[in-house]
Structures are given as C-alpha cells and as structure tokens.
Amino acid sequence: MYYTSEPTMRNFFLFLFVILNVTVYSQDYKVDLNYYLPKDVSYNKNIPTPKSVIGHEVGEWHVTHDKLVQYAYALAEASDRITIENRGKTFEGRPLLLMTITSPANHGNIESIRSQHISLTENGSSSLNTTNMPVVVYQGFSIHGNEASGSNAGLAAAYYLAAAEGPKIDELLNNAVILFDPSFNPDGLQRFAHWANTHKAQHINPDPNDREYSEAWPGGRTNHYWFDLNRDWLPVQLPESRVRLKTFHDWYPNVLTDHHEMGTNSSFFFQPGIPSRTHPLTPQRNQDLTGMIAKFHAKALDQIGSFYYSEENFDDYYYGKGSTFPDINGGVGILFEQASSRGHAQESENGILTFPFTIRNQFTAALSTLEAAVALREDLLNYQRKFYDDARREAASGGAIVFGDEKDAAKAYHLAEILNRHKVEIHELKEDFNSGGKNYKKGYSYVVPMNQRQHRLIKAMFEKRTTFQDSLFYDISAWSFPLAFNLDYTENASMNRAGSKITELKMRTPDTPNVSTYAYLMEWHEYYSPKALNLILSEGLRAKVAMRQFSLEGRDYDYGTILIPIQNQDMNKADLTKFLAKVSRETKVPIHGVRTGLAKGIDLGSSNFRAVELPKVAMLVGDGVSSYDAGEIWHLFDTRYDMRITKLDTRNFGRTDLSRYTDIIVPGGWGSALDKGDAEKLKTWVQNGGSLIAFRNAGRFLERNELMKLKFKSRKDSATNVTFEQRRDYSGAKVIGGAIFEAKLDRSHPIAFGYKNDRIAMFRNTTLMVEPDANSYNNPIQYTSNPLLSGYISKPNLKDLSNTVPFKVSGLGRGEVIYFTDNTNFRAFWYGTNKLMMNAIFFGDQM
C-alpha cells in the first residue's frame, strides 16, 4: 500500500482555496481606515477619523444613522471644506442631512456658483463661459437601508474629502461642488444596522444560513411606511424624496450617483445599463457620457483587483429611480450595484465576501465618479446647457396641457403639487370650457405651458407609450400621471386658456356649509370624502349613503352622496352645524345644507339611503405579505385619511380576536403564512358579518380555501425557436411588469361611487386574470376589449386580459369577500384608484 501524509493534487488545491479565502477574510475584516484610503495623498491629522468619533472602524460594525449624523457634524465642525444642512426629517424623526463639500474659496462664493450653474438651464445661457465653472456632483448612499455598504462607504469618503491634502485633492475641490447625502434612507438604514449588529458574533460566521443574513419582516430596505424610496424620485410622495428633490432643483447636478447592493454571488455593476432599455426621451449624448465615466470606474476597480460588469441586467427606463431621474433633467445618473454581504461576512461563489470589501468597492466608485466629473467637467456642463436649449427648441411650437376634475379639486391639486415640486410652471384656468366631452372648471383645473424649461420632463410625466424597442423592463413601463390620478386632460389646449401663473399653490377651500334645520348632503366625488365621512362617523353621528342619483334645491347629487340627518343625532343643531363646517374646512370637501327632503328622484327618507357604520379596519402584515403593498395601505389610512388601521401579524393570527373588526384587508404578496385552520377562522368571521378585502395574488388563497369562487384564466404555451441563451428574455417578456389599462365602470355599483366617468385607468403588474360573471351587473369593473392605455404587455397577455374583471365580490353568510386583482394604491401616487378600496371599506355591505 502506498501511504503518504501529503494531500492529493485535488485536495491540495481545495486546501489552498480555503486557506486563501480565510486569509482574504481575515485581512479584509480586521481593517483600519488605511484599507480604503488612497496612498497618493497625505491626510490632515486635525480632521477626526470615523473611529475617533463613532468608536469603531469603518466596516467593523454597521454604522447606525445616529452615529453617521454625529460624524457628519464633527467633520463640518473641523473642516472648512464642509458645510452641513438639516433639510427636514423622516417619519421617524431622523434628520435628512446634506453636506456640501468643496474648496474654502468656493464656499466663500457658493451662492454665486449655484446661481451661475442654474443659469445653464435657462434661456440665454449661450453667453456663459464654462471654462472655469465647477461641476456639480450629487452623491447619495443607501436609498435601500439594508444595502448598507453605501452609507458606510460614505464615512470613509467624507473623511477623505475633508482630510486629504495635496495637489490632487485641491484640483478636485476647486473644480467640483459635491452635494453629499450620506443616507438617502435613515429609517431603513437604522433598522438594518440594528439587525446586523444585534446578530454579529465575536467570531464572524459567514455561513449564509446564519440568522444575521436573513432579516425579519419587513426588513431594512424600505422607509418607515415600507416604501421603496428609489421609486419615488418622480412621484415625490415621501419626505425623504421631497428634500432631495428640492436639493436637486436648487442645483441641477451634472452627475448623480446612487449606491446599491445586489445578490451575494454577484460582483460590482456600474452603468451604462442595457442599451435597448434606455428611455427614448433620454438623449444619446447622455449615454455617451455615461460610457465615458464608466472607463474611470473600470480603471479604479482594476487597480484594487475587483471584478465588475456593465451593460447587463439594469436599465435606464423608469425616470422615478435615482439613477435615471437626472437623465430627463440634463444630468447623468449613475447606478452602482455591489454584491451584498448582508451582514458582516458571507460565503459566496467568489469566496467569503466581507463587509469591508463591499465598502471599499463603493468607496472606490465614489472617488472614481469625482475624478471622472472633474476630467469631463466642461463636457458635462456643456451637455447640460445643450439639453435645455434643445428642449426649448422642441417646445417652441407652444401649446398647453390642461388637466382637472370638475367634481374633485383635491386630486387635481395633488398632481399640480407634484409638478410644482419639479419646478414646472403652472397656470390657473382662465375660465370654464369643454373639450372632447369633458368639462374643465376654473378652480378645479390647471394649465401647463409646454414652452418652458421642463418641457422634456413634462412629456415624460404625461406621455402614453405602447411601442418599445425591448420587451423587458427592470421596473414599470408606464406611469402617466393624469391616468394615475384619474383626471380629465387634454394635451392640445391653447395658452389662451391660461390664467395667472401660480406662484403659491393652494388647495381649493369650499364654501362654508349653509345652515340647515333638516339635513346636510356631502357628495362622494372629492378625494378626501372618506376622511370626512370617517370624522363624521367617529363623532357618533348617523350617516347614510345614496344608492341612486337625485336632485334637490337646484343641485344634482350622484350615486354615493352622504346624508347627515339633523334629527335623532347625539348633537344639537348648532353644534352639528359647527362640526360639519369644521369637517368641510379640514378636508376641503363641500357639504350642503338642505331645507327639505322632497327631491327629484329619491327623497331623503327613501330606503335607497342606506346606513353607514364606522369601520374598524385591520390588515394582515408579516411573513407571506408584501411589505410594499401593506405599507401603501397603512400610509393611505394613516397619513391621508387619518384613519386607524390595526396591523395583525400573521404569526399571531391564530390567537387574535377578529370580532373587534368590521373589515380585514389581505394585501398582495400572499404566501403560506396562514394554514387551513386560519382560513377557517377567517371564513367564520366573514359569515358572522365581516368584510374581507383581498388584493392581487391573495386571490389564490381565497380560491384555495373556498372563501370565494374565482375562475382564473390560464395559458399553456411552449417556446419555439428560443435558444438556451434567450430563455430568460422569453420568460421575462410574458411578465406584466407595470402598465396601465382601461376598464369600464358601472357607476351605480357601490364600488364605483364617487367616480364621475364610466372609464377608469387601472395599474396592473400581475398576470392574474379573472373571467367575468355571466350577469353583467356582477361585473362593475371590467377591462375593455382593447384595454392597453400605456406600457408594455405581450400580445397573448393583452388578448387574455381583454374583457376580464379586476374586481369581484361575493356574499358569504352575513358578510362578503371582496377581491381586486390589481393594486389600487400603487406607490402612493395612484390617487385615481384609492377610492375603490375606500368604497370597499365603507360600502362593502351594500355590494
């Protein structure tokens, strides 16, 4: 027998692989600041290091947001290169900081620099000389809180910019103004840092099965209300987005960077993305500059031996992302995606991936961005000027967009509010007019001139597009704002329709209700009608809803009008009048006093007025539920309608007393968190009078557990002439990633109360399609025969979607089950379908 203690060749290489990886792990994890910093400059010893302020090295622990803030203020105190501004606060009260970093000389002249830079976007900018003009770079980190290498790299990058000394850093700071946002998402960053640090061991365990690498629901990706902040650059519905958008429009940066993370087995991505998935409104020069900047990233990452890729996986289509939003505003957006350790160190296909290693790549890309911006400074500045010059030439033909809703001033106001945040010029409507069968009413409508600086952005926000170069999208393919708000609009109006330019946007305030001794009526059209009704019911007042239309005292009242009688209320007439005036004032919803119950149509004493009860609403959250969908609903109830909603964790469902609630909402993303016994518990609750409201793939749960009979469409097809390489593209093209479709409304059905048109735009990003009922009155919302309004859908899917129904309701015992195939609350800006859900809440028992 041949015996030796030496390893075989195969075992030797395996042994060597393990040793090398452990060695890399040891070196990469136990690091000091020098691991990150360039060696070609010296460092000012009077500038505090991160460790001297926060108590640990960069990458040793996940930095919490409070420590990040502490260090930012310490740097601003110690360095004349940095000023700091607290621009606002998150929902959880954390500061939204901006550090402005440049040379002391530039700081002394900062307002003049900013003003001159803004002038590049304005008419007459051709006389400006960009030879000595600083480039403006907005660097933002970790908009997804659990992609924490960005903000942790921000610690090292801020130190470098404050402490580095020598000709190289002087050239950078003299030629650049850096808008440094160390945490795009403070609440998410704090949540994730707590998780990662809580589970850190003294002896780091890189086993991916360790709990450290598997966050509890909802995770740290999102903000307080569980929104993905990197989809809110265009809608700007959240406080974090609003402050960063103000900074953007205060400066119009030439380059904006957005530091993210991706799967652990990946490497490092930088843009350009997939060329065929660039939005057509983005100029080719933007992509050329992105490619030129990419060469600087490649060079820098080559120097530290890090692998990377570009022009794969990610795209530049949806303008609501941080890396794409600058592309429609004369700048260049850059996305960075770093393979994630999702904790302190994790095994991967490429060896053990340590947190410090991920930080170093992000830090390196942050510095290569600045190097590129300075090197390409004049190219970037001149491109910005040309972008707006070209936009003005495109807009020279003039014209205007008019949008509004003659019955709902609030929805129109909120779209105008978004445009105002984007520095879009808006005018009042001079006088009422009719176009295409739609009435545009002064005070309820707005005029947007096309001949203005933001011409291209306006086109991007209002356009409907149904043809595409590619059939795959990283995010949604449609977001037309007037459709999202369910507003009437015309894109071919004359500027003769425009009244005064709006300099201070205010929501319309209705007239004070006239005093009545009989009853008050409130139409259901206004966006905040549910808020008003909830205030009325919460006060213990009786209210009823009209199931039919009627006319009274010269005014027409639509389906869904709310009647508040004066008799038999636990409030005297005078106090009731004062209270309803307060409700009207606070919600901006008109309320009218009437002197008689004798009407044309149904009288006020008719049985076609049905009693409305105060809803007590709960929603399932936790494992098996989409945190996005749940967060959108929570945000809607809590911040817009001021309604309490109880969040029921699926883990505790079995021991929850459901009798406390009139309505239970099951958001989309439904998994297997509830078992058969839980389903039976829900069924019993519905049979006893509850309203169960489910969304999207929760419909499968309803069907599987016999809570509702649903007939989903199914399609069987096979791939022909599709190669192995093309298989993912083939599958991806069959997905509905996010598009807008037209549906017919039966306005007499309670689900459609408050809608004045018989058509509605629905957002959908699922392929769940439900067959209609044989009885047309059971199909109050039904997709039209050719429903596509904007966005991408494959031809087979479009054919299948035609004439299906996105809404079903069925009785079960004394209660009802209500189902929406689509998300009515998408990303907080789909105002136009919010009322569908509120109708289910308030009027579900009438369906």
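Tutor: Seven strands form an open sheet of mixed pairing, in the order 2-3-6-4-7-9-8. This is a predicted model, in which local features need pLDDT of at least 70 and side-chain atom pairs count only at pLDDT 80 or more, while totals for chains, interfaces and linings use all residues. Residues are numbered from 1 along each chain as its sequence is written, and side-chain values use heavy atoms, with hydrogens and water left out. Strands (E, at least two residues) and helices (H or I, at least four) are DSSP runs numbered from the N terminus; two strands pair if DSSP finds at least two bridges between them.

The edges of the sheet are strand 2 (82-89) and strand 8 (268-270), each of which pairs on one side only. From one strand to the next, the twist averages 20 degrees. Within the sheet, strand 4 (residues 135-141) and strand 7 (residues 255-262) run parallel and are joined by 5 bridges, with Gly140 opposite Asp258 in strand 7. Helix 3 (residues 65-78) packs on the sheet, where it touches strand 2 and strand 3 (95-101); contact means heavy atoms within 4.5 Å. The direction of helix 3 makes about 35 degrees with that of strand 3; angles run from 0 to 180 degrees between N-to-C directions, and axes are lines fitted to C-alpha atoms, for helices over the stretch in contact.

Elsewhere, strand 35 (residues 815-820) is largely enclosed by the rest of the structure, because 6 of its 6 residues are buried, meaning under 20% relative accessible area with a 1.4 Å probe and protein chains only. In a regular strand the side chains alternate between the two faces of the sheet. Here Gly815, Val817 and Tyr819 are buried on one side of strand 35, and Glu816, Ile818 and Phe820 are buried on the other.

Strand 35 pairs with two strands named here. Strand 30 (residues 691-695) pairs with strand 35 in the parallel sense over 5 bridges, and Phe695 stands opposite Phe820. Strand 34 (residues 807-812) pairs with strand 35 in the antiparallel sense over 6 bridges, and Leu812 has Gly815 as its bridge partner. The hairpin of strand 34 and strand 35 has 2 residues between the strands, and in it Gly813 takes a positive phi near 65 degrees.

Key
Buried < 20%, exposed > 50% of the residue type's maximum accessible area, 1.4 Å probe, protein only.
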